[in-house]
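Some points on this entry follow, for checking against the coordinates. They concern a few residues and the packing around them.

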Amino acid sequence: MGFLNSLGKGLLVAGKAVAEKGKEVQELKASMSCESDSSLARKAKSGSVWEKGAALSILKERGYTVEDIKKM
């Protein structure tokens, strides 16, 4: 039982970390939503992992495909 308790606690901690990072990404996305398409395309290509994800998400919401973004 000790192993399962430890595993459960580890999963709980990991789940909280994922939820926290998801909140941070949503905040980043909100702060980037006013940026121009070209600025977002630059971040989608060369930003941090989290910036890339947020920028791609915004551009997709604006109707761009991945292929469109690559050409920008």
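Contact is taken here as heavy atoms within 4.5 Å. The model is predicted.

1. Glu51 belongs to helix α3, which covers residues 49-61. Apart from neighbours within four places in sequence, Glu51 is in contact with Leu28, Met32 and Lys43. Between Glu51 and Ser33 there are 12 Å, C-alpha to C-alpha, with the two 18 residues apart in sequence.

2. Lys29 sits in helix α1, residues 2-32. Why does Lys29 count as buried? Because its relative accessibility is 16%, and the cut-off for buried is under 20%.

3. Which residues does Lys29 touch beyond four places in sequence? Its contacts there are Ala54, Ser57, Ile58 and Glu61.

4. The largest nonpolar core holds nine residues: Met32, Leu40, Ala41, Ala44, Ala54, Ala55, Ile58, Leu59 and Ile69. Helices α2 (37-46) and α3 each contribute at least two residues to this core. The largest share, four residues, is from α3. In soluble globular proteins, nonpolar side chains tend to be buried together.

5. Ile69 is one of the core residues. With neighbours within four places in sequence left aside, Ile69 is in contact with Ala44, Lys45, Leu56, Leu59 and Tyr64. Among the residues listed for the core are Ala44 and Leu59.

Methods
Residues numbered from 1 in each chain as written. Predicted model: local features only at pLDDT ≥ 70, side-chain atom pairs only at ≥ 80, totals over all residues. Heavy atoms only, no water. Buried < 20%, exposed > 50% of the residue type's maximum accessible area, 1.4 Å probe, protein only. Core = buried A, V, L, I, M, F, W, Y, C linked by side-chain atoms within 4.5 Å.
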